[in-house]
Structures are given as structure tokens and as C-alpha cells.
Amino acid sequence: MSTQPLLEVRGLTKAFGGFTAVGGVDLAVRPGTIHSVIGPNGAGKTTLFRLLTGVHRPTSGSIRFGGRELSGARPYVVSRRGLTQSFQITNVFPKMTVLESVQVAILARHHRSWDFVSARQDKVTVEAMEMLDEVGLAQAMDAQAQTLSHGDQRVLEVTLALATRPRLLLLDEPTAGMSPAETGRMVDLVTGLARARGLTVVLSEHDMDIVFCVSDEVTVLHRGRVICHGSPAEVQADPQVAEVYLGGGE
Amino acid sequence: MTTILRKPASLRVPAGVIALIVVLALGPRVLSTAALLNVQDAVGLALFACATNLLIGYGGLVSFGQGAFYGIGAYTVALAWMHLNASFWVTLVVAPVVGGVAALAVGLLALRTRQLYFALLTLAVSQLLYVIVQQQESFTGGADGVFGPMLPGFLLNPGNAYWFTLAVAAIGLLVLWQITRSPFGMTLRAIRENRERAEALGVNVFLHQLLAFTFSGFFCALAGVLYVVWGQSANPNLFSWTESGYPIFMAVLGGQYMFLGPALGALIYEQARDVLLASFSDSQLVFGAVLLVIILAAPDGVAGLLNRGRRLLARRWPGLAPATSRAAAAARASGGQDTKPDGRPETAVR
Amino acid sequence: MSHYLITFLSALTEASALFIAAAGLTLVFGALRIINIAHGSFYAFGAFAATTLVGGAAGGWRFWLALLAVPFAVAVLGGVTEISVLRRVYGKDHLAQLVVTYALFLIFGDIMLRLWGSAARSVPVPSALAGSITLGGGEFPVYDLFAIGAAAGVGLALWALLQRTTLGWRIRAAVEDRELLASAGTNVPLLFTTVFVIGTLLAALAGVLAAPLESVAPGLDASIIISAFIVSVIGGLGSVAGAAIGALVIALFNTVGVLWAPTWEPAFIYLAMIAVLALRPWGLLGTAER
């Protein structure tokens with residue numbers, strides 16, 4: 001397996017006026033791994049993710065994905081290159097059915113969102129159904145997304161992201177607000193997918209148990225800067241991390 | 001899997017539409033010329049409203065300026081006759097294209113702004129044209145508009161005009177319908193539901209909306225041509241923002257989430273307007289009140305209400321239910337579990 | 001020289017009522033994020049009510065009564081409208097908001113038609129302000145000067161309100177930084193109602209003020225709302241100072257443009273509005289959208 005990082009971030013900085021949300025962040029994510037980014041509230045995790053997906057333009061620094069420079073690209077371009085995010089606040093299509101939502105994602109991937117001359121193809125329907133079967137949402141296929149339970153919506157959320165067949169999946173606090181049962185289901189889903197499809201996953205999380213149980217590598221952010229990164233064991237043992245995050249205050 | 005039980009997308013036409021077609025076809029036999037003209041007007045407005053709804057209901061873009069393209073369609077016919085003595089059959093084809101191109105130009109400018117500003121910008125474009133057409137009297141006939149024998153003899157016969165309008169509107173609506181049920185249409189709806197999410201899935205939102213805007217301009221202009229067939233004239237009021245309010249009103253009244261909703265709104269508007277004018281001497285109050293009630297209490301419009309009523313009745317008489325939900329109900333009844341094609345029940349994933 | 005002065009003062013007069021009306025519109029948009037099409041209706045209500053109150057009596061005291069009483073009466077209408085109708089559409093999609101205010105516009109327009117008919121009406125200038133004075137060699141109506149002074153007064157009052165009072169601070173917070181507002185424990189629904197009432201009051205005041213200057217007829221609501229939109233957009237939605245600049249710019253455009261390029265003149269202001277919306281939607285002094 002190639003050890004060339006799939007995602008390479010160097011000196012990434014984003015300043016809003018006088019406030020530096022992300023300052024000189026370096027990150028290297030190897031393909032097929034699960035990489036966690038942790039840090040207290042306001043550490044810059046969300047801003048970092050927004051920089052990666054193109055919602056924000058970096059003030060300076062570079063983002064290389066699959067060997068190509070990605071910083072400053074618009075979100076839909078980033079998505080097409082294979083970097084997809086699943087959102088912290090559930091971000092689905094409220095009035096569309098579960099099946100339709102997945103179909104849209106697949107159509108976009110096939111560049112068929114432009115097709116205005118044919119009726120929806122069964123081919124896309126079949127693929128969509130397969131995905132829904134895999135994640136356990138097949139029975140809800142005709143339900144409007146907004147009628148689903150919170151946990152199901154999160155699963156749909158992740159499914160949409162997966163439907164674009166990303167090479168790297170960004171998960172921003174995927175288990176936020178979930179019950180323990182739902183959390184377990186989500187964790188299994190993500191790790192299963194990562195292992196089964198060789199998907200690279202970068203996630204930000206608050207739940208430390210999940211982080212240390214699931215991750216191959218951990219990066220710790222504090223006030224927009226990286227204070228530590230390495231294997232879960234290394235990070236847990238790092239005194240700076242303990243002071244800033246695990247033991248002390250924010 | 002339930003996929004097997006899904007019918008392939010086919011042209012299942014709802015019974016209501018068939019009934020409507022029959023009724024409309026009987027028109028010339030039963031109605032007076034005046035009434036015929038009314039229906040003709042309504043049909044043209046139906047096209048205008050449905051074309052506008054491609055933006056509002058499907059695209060989530062509130063344009064307060066579709067009157068601009070309606071007027072462009074009408075004036076292309078009128079001015080081509082006035083200055084070039086062009087044949088109507090030629091301008092019939094040219095006018096929608098002009099509308100589409102104009103929409104493309106406006107869209108390039110307007111679609112980069114946020115929602116609220118978009119409404120104001122389209123309103124401004126509409127008013128701009130209104131003002132220019134009024135001022136440039138020598139070219140456009142000014143505030144009085146353009147009158148004259150701009151229609152070919154064939155269309156001067158009320159029956160012919162009626163059939164022609166019906167045919168053109170039907171074709172226009174059919175194409176619009178196809179657009180809404182295509183992958184493009186579904187993507188458009190997704191953009192309406194959640195713009196950022198669509199963008200994050202790889203959809204170039206700006207270009208999709210631009211295409212929708214262009215289509216809408218094209219068909220609004222076609223509706224403008226039908227206006228000329230009905231009124232044998234063109235006037236600057238077609239461009240004003242108050243005129244642009246009508247298709248929005250019809251779409252909301254009839255129902256913005258169903259394709260023919262705005263057409264229903266147009267028909268209701270047309271009939272109600274005459275009745276109200278006779279008894280109240282003015283209709284704005286009623287229209288405003290109805291609009292208010294609908295948008296606050298029944299946002300999916302009359303069509304939505306009818307649909308809900310139908311579903312309620314369907315619990316008592318299952319035969320009334322829409323076809324797709326009957327298929328789904330049958331699927332659920334026949335297993336209780338998802339089954340694979342070879343009959344083995346599928347265990348729930350993890 | 002006097003010719004330019006008179007022209008400039010004429011533009012100022014035109015800008016006066018327009019500024020007051022636009023200030024109301026822009027505050028409502030900035031704080032509530034609603035484009036209130038019915039704002040024009042409130043203006044027209046003010047003007048029409050003035051014609052009834054003042055009647056044909058050129059005496060004058062009635063005009064002062066109208067100037068004081070009518071805006072408050074219409075403001076009550078505005079408050080009732082906000083509480084009963086508009087509150088239901090906050091947070092809904094833009095279509096709902098636009099359609100609601102458009103529906104109100106239709107309803108109010110019809111009510112005005114029934115109450116006041118379709119003939120044009122006028123309000124005579126109060127005798128205390130009748131006549132004209134000589135300025136720099138030319139004649140200028142006293143009432144017009146009054147209008148300019150009134151607008152300046154309103155502008156000052158609004159500035160004081162926004163900069164020096166708690167309510168003003170809250171309004172500015174609603175315009176510029178909503179999260180700040182919520183965290184300060186403000187009763188937001190009450191604030192919204194207050195802002196809307198202020199906006200309505202300004203609209204009606206502008207209507208009364210403008211009544212002796214122009215003919216009051218159906219269609220006034222549609223024309224003023226367009227002008228107010230243009231002014232608000234150019235000045236910046238949410239900015240009162242912007243409304244002042246915008247009103248002056250538009251009035252100058254109208255006055256001067258009519259002299260220089262009469263056929264194209266009405267188009268200029270729409271082009272300006274389109275340009276601003278396309279290139280810098282928050283106008284001259286508005287808050288850049290987040």
C-alpha cells in the first residue's frame with residue numbers, strides 16, 4: 001500500500017480580520033486510514049474542514065489531495081476530485097424521499113444531473129437501492145427525509161456523502177447528539193466502510209472513547225494550531241494534550 | 001427487493017388530466033366566442049404560470065420579473081411585424097428563443113446574488129424593460145403598445161386561434177413536464193431543498209439554476225406569443241412587476257409542488273376574476289386574501305389540498321389512492337420484509 | 001447660479017419624503033430581513049388619510065393634526081399587521097415572505113380604492129407654509145423648505161434613536177450581528193414588532209408630508225415602493241444613512257436626468273439598481289451579507 005499521503009496540508013492558515021481561526025496547520029493523511037482531528041470548542045476544527053471542502057478560501061498555505069493542489073477550489077470541484085464531507089448539522093434534502101436523495105447524489109457523480117431529456121433511469125435506482133440496503137435504510141426509501149429519526153437522518157447524511165464514491169470522507173462530529181445505540185451503529189458503519197472499501201476517513205469528534213478506539217492517527221488542535229499528532233497511544237500520553245484538553249480546561 | 005415491484009417510469013397520465021383534455025376539446029362546440037377567448041387566455045396564462053413555477057416551485061428561485069420574458073415574447077412578434085413585416089409563423093419560433101437568450105443574459109447577472117436580492121434584481125429588470133419600452137416610442141409604440149393585423153388570417157378565426165393556443169400550450173407544458181421529471185429536474189429540486197448540500201455533492205449549482213432560468217424565459221416568452229394570439233396586440237404593462245406577480249400568484253394558489261398546480265391556479269384565477277369583477281367591481285382584495293390564507297394555511301395550494309383530500313378518502317376507498325402508493329402498499333403487504341430476487345429474506349444490515 | 005441652487009433644492013425636496021419612506025423600509029429589511037412590499041401601502045394610506053383629514057380647508061391646522069395623528073394611526077395598523085400576519089412567516093422561505101407582503105399590498109390597495117375612490121386627490125399647503133421665498137435670485141416654495149427641514153429632523157431623530165438609545169442598539173444589533181442580540185436576552189418578537197411599527201410610522205409620515213407636493217391617486221403605493229426599493233438597495237439595506245444618500249442620488253438623477261437625457265432617464269435608476277444588486281448587493285453603506 002502506498003504510504004504517500006492522500007491528503008497533505010502544509011502551513012494552512014485562515015484569518016478572519018484580526019482573528020486567526022487556523023494558523024499554520026500541517027496534516028498528512030495516509031490512504032485507507034482513519035484519522036481523527038480533536039480539540040476543544042473553538043480549536044478550529046470546523047474551519048479546517050471548511051477550508052478542506054472549499055467553503056472557505058485559505059489565507060495562506062496549501063492543500064494537496066491525491067497529488068494535486070486543491071486550495072481555493074469551489075466546493076463542487078472539491079467533491080468531484082473525491083473529497084466529500086458529511087455534515088455535523090444534519091444536512092439532507094427535507095422534502096425529498098430517501099431514495100430520491102441518494103439518486104441525486106449518484107446522478108451528480110455520473111454527470112447526469114444535466115440530463116433533461118430522459119426520465120429517471122432504473123440503473124440509478126438500482127444502485128441507489130443497493131446503497132440503502134447496505135446502510136439499512138431500504139425500508140424507508142419512500143419516506144421524506146425530514147420525517148426520519150435523528151439517527152436515521154445522520155445515516156442518510158453519510159450515505160449521501162458515500163454515494164459520490166469519495167476517496168476521502170470528512171466527518172464532522174458524526175455522533176453528535178446520538179443515543180448510545182445510534183452511536184454504535186454509526187461507528188460500525190464508518191469503520192466497516194473504511195475497511196471494506198479502503199476509504200480514507202478524517203473525522204472530528206468530541207467523544208474520546210470513539211476517537212481512541214477507532215483511529216489510526218490523531219491530530220490535536222488548540223486555538224487553530226496543531227499541538228500534537230501521532231498514534232492514539234502517543235497522543236494520550238502527551239502531557240501537553242492532557243493539560244490542554246483531556247484534563248484541564250478550555 | 002422492492003425495486004422489482006416498481007414500475008418503470010412510464011407515461012401514466014392522471015385521470016384528471018384526461019378529463020380536462022376532453023372538456024377543453026369540447027370547448028368550441030359548447031362555448032360562445034367570448035367564453036372561448038376566456039379559456040384561451042387561461043391556457044396561455046397556465047403556460048406562463050407553469051414556466052414560472054419551474055423557477056419557484058422546482059428551483060426555489062423567486063423571480064419577480066418573469067413578466068420581462070412574457071413581454072419579450074409578445075413584443076418580438078409585434079415588433080417583427082411592425083418593422084420587418086415578418087411572418088407570424090417565423091416569429092412564433094424566434095420569440096421563445098429571444099426569451100431564452102435574454103433569460104440567459106439576465107441569469108448570468110442575477111443568479112450570483114443571494115435569494116432576497118435575486119427577487120429585487122429580477123423585479124428591477126422587469127421594470128427596466130417596462131420603462132424602456134414606454135420611452136422608446138418610435139421603436140416600440142410607446143405607452144399605447146402595438147396594435148394591428150399582426151396575426152395571419154388563419155388565426156383570426158376564433159376556433160382556429162383556440163386550437164392553436166391549446167396545441168402550443170400543450171406542447172410547451174409537455175416539454176416543461178419532461179424537464180421536471182428528468183434527472184435535471186430532480187437535481188433542481190435538490191438544489192431548492194438544500195443548496196449547500198447539493199453543491200457539496202458535486203453539483204454546479206449556478207449552472208443548473210442558469211439552465212432552469214433559461215428554460216423558464218423560453219417558455220414565458222412562448223406564453224407571450226400566445227398573449228398576442230389572444231389579444232392581437234402588445235402593451236408595455238406586460239413588463240411591469242405587477243404583471244410578474246400574476247404567475248407567482250397562480251403558482252401559489254394552484255400549488256407550487258405539483259406540476260400542473262399553477263395551471264389550475266391560472267384556470268381558477270381566470271374564472272374567479274370575471275365573477276368577482278361582476279359582483280365586487282374589483283378583485284384585488286379577494287385575491288390578496290386568498291393568497292394570504294393559502295400561503296399561511298395551505299402552502300401546497302389547491303392542488304395540494306385536493307391531493308390530501310384524495311389520500312384521506314383513499315383510506316376509505318383504496319381504489320382512489322395514487323398509483324405509486326398503491327404499488328408501495330402492495331409491496332409492503334406481500335412480505336413484511338425486503339426479499340431478494342431469489343426469495344431469500346434479507347437480514348437487516350448489522 | 002440661482003438656477004442650479006433651485007434645481008438642487010428641488011431635488012432635495014423630492015429626496016425628503018423618499019428618504020423618510022426608504023428609511024422605514026430599510027430598517028425593516030435590516031432588522032427583520034423581510035422585503036415589505038406593503039410598505040408602499042402604508043405610505044399611500046398616510047397620503048390618502050391626509051386628504052380626508054385636511055379636506056378642502058386650506059386653513060392649515062388640520063394639516064398639522066394630520067402630520068401628527070395619521071402616522072400613529074397607520075403605525076397601529078402596521079403593528080396589528082405584524083402581530084397577526086407577519087409573525088407567521090419569520091424563518092420561512094423567501095417565497096412565503098414575499099407572497100405575504102405582496103398579498104397585503106393587494107388587500108390594502110383594494111381597501112384604499114374602496115375608501116377613497118379612483119379619482120386623484122390633493123392636499124392644499126397649509127397657510128403658514130404657503131407662498132415662496134426668494135433664494136439667491138430665484139423663487140422657492142416655503143413648503144418645500146419645510147419638507148427638507150422635516151426630513152433632516154427625522155434623520156436626526158433616527159440617528160439619535162439608533163446611536164443613543166438601548167432600543168437603537170438592539171436594532172443595530174439585529175441588523176449587523178444577530179447572535180449578539182439573542183445572547184443579550186432581548187425579547188426578539190417585541191423588538192421586531194417595534195421596528196415594524198417604526199417603519200410603518202415613517203412610511204405614513206412620508207405620505208402625509210408628500211401629500212401637498214404631489215397628486216394622491218391610486219398607484220401611489222406601487223410607485224413609491226419601487227422608488228423606496230431602489231433607494232434602499234443603493235444606500236444599503238439596513239442603513240438609514242445609506243437611505244439618505246440613496247434618496248439624494250435618485251432625486252438628483254431624476255431632476256438632472258430629466259433635463260439632460262429625457263428619453264433614457266427613467267431607465268438610469270433601474271440600471272443603477274441592477275448594477276448595485278449584481279456587483280455590491282449590500283449597497284453603499286449596508287452590512288456585507290454573511
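The structure is a predicted model, in which local features need pLDDT of at least 70 and side-chain atom pairs count only at pLDDT 80 or more, while totals for chains, interfaces and linings use all residues. Residues are numbered from 1 along each chain as its sequence is written, and chains are lettered from A, with ligands numbered from 1, in the order in which they are written.

## Contacts between chains

Two residues are in contact if their C-beta atoms, placed from the backbone, lie within 7 Å. Of the 2 pairs of chains that touch, chains A and B have the most contacts. Here 43 residues of chain A are in contact with 30 residues of chain B. On the chain A side, at least two residues each come from α2 (75-81), β6 (83-86), α3 (98-109) and α4 (122-135). Such helices (H or I, at least four residues) and strands (E, at least two) are DSSP runs, numbered from the N terminus. By class, this side of chain A has 19 nonpolar, 12 polar and 12 charged residues. In this classification Ala, Val, Leu, Ile, Met, Phe, Trp, Tyr, Cys and Pro count as nonpolar, Asp, Glu, Lys and Arg as charged, and the others, Gly among them, as polar.

Chain B also touches chain C: 32 residues of chain B are in contact with 33 residues of chain C. The elements of chain B that give two or more residues to this side are α5 (115-135), α11 (241-254) and α13 (284-297). The largest share, 13 residues, comes from α5(B). This side of chain B divides into 22 nonpolar, 8 polar and 2 charged residues. Chains A and C, by contrast, do not touch, and their nearest C-alpha atoms are 12 Å apart.

Chain B contains 15 helices and 2 strands. Of its 350 residues, 47% count as buried; a residue is buried if 20 or more other C-beta atoms lie within 10 Å of its own, exposed if 12 or fewer, and partly exposed in between, with C-beta atoms placed from the backbone. Among contacts in chain B between residues at least 6 apart in sequence, 77% join residues at least 24 apart.

Two packed helices are described by the angle between their axes and the distance between the axes. Axes are lines fitted to C-alpha atoms, for helices over the stretch in contact, and angles run from 0 to 180 degrees between N-to-C directions.

| Helix pair | Angle | Axis distance |
|---|---|---|
| α11(B) and α14(B) (residues 301-316) | roughly 10° | within 3 Å |
| α3(B) (residues 67-84) and α5(B) | about 35° | 8 Å |

The crossing angle makes α11(B) roughly parallel to α14(B), a description that applies to angles under 35 degrees. In this pair, Val252(B), Leu253(B) and Gly254(B) of α11(B) meet Gly301(B), Val302(B) and Ala303(B) of α14(B). Their contact has 4 nonpolar, 2 polar and no charged residues.

In the other pair, Gly67(B), Ala68(B), Gly71(B) and Tyr75(B) of α3(B) meet Val125(B), Ser126(B), Leu129(B) and Val133(B) of α5(B). By class, that contact has 5 nonpolar, 3 polar and no charged residues.

## Helix α6 of chain A

Helix α6(A) (residues 180-197) has 18 residues, which at 1.5 Å a residue should span 26 Å; its end C-alpha atoms are 25 Å apart, in agreement. The expected span is 1.5 Å times one less than the number of residues. Within α6(A), Arg185(A), Leu189(A) and Val190(A) are buried. These residues lie on the same side of α6(A), because they cover an arc of only 125° around the axis; the arc is that of the directions from the helix axis to the C-beta atoms. On the other side, Pro180(A), Asp188(A) and Arg195(A) are exposed. Just after the helix, Gly198(A) takes a positive phi of about 65°.

Helix α2(C) (residues 39-54) has 16 residues and reaches 23 Å from its first C-alpha to its last, close to the expected 22 Å. The helix is mostly covered, since 14 of its 16 residues are buried. Gly55(C), which follows α2(C), has a positive phi near 60°.

Phe108(C) is placed in helix α4 (residues 94-116) of chain C. This residue counts as buried because it has 23 C-beta neighbours inside 10 Å. Leaving aside neighbours within four places in sequence, Phe108(C) is in contact with Ala38(C) and Ser41(C).

Definitions and conventions: Angles under 35 degrees count as roughly parallel, over 145 as roughly antiparallel, 65 to 115 as roughly perpendicular and the rest as oblique.
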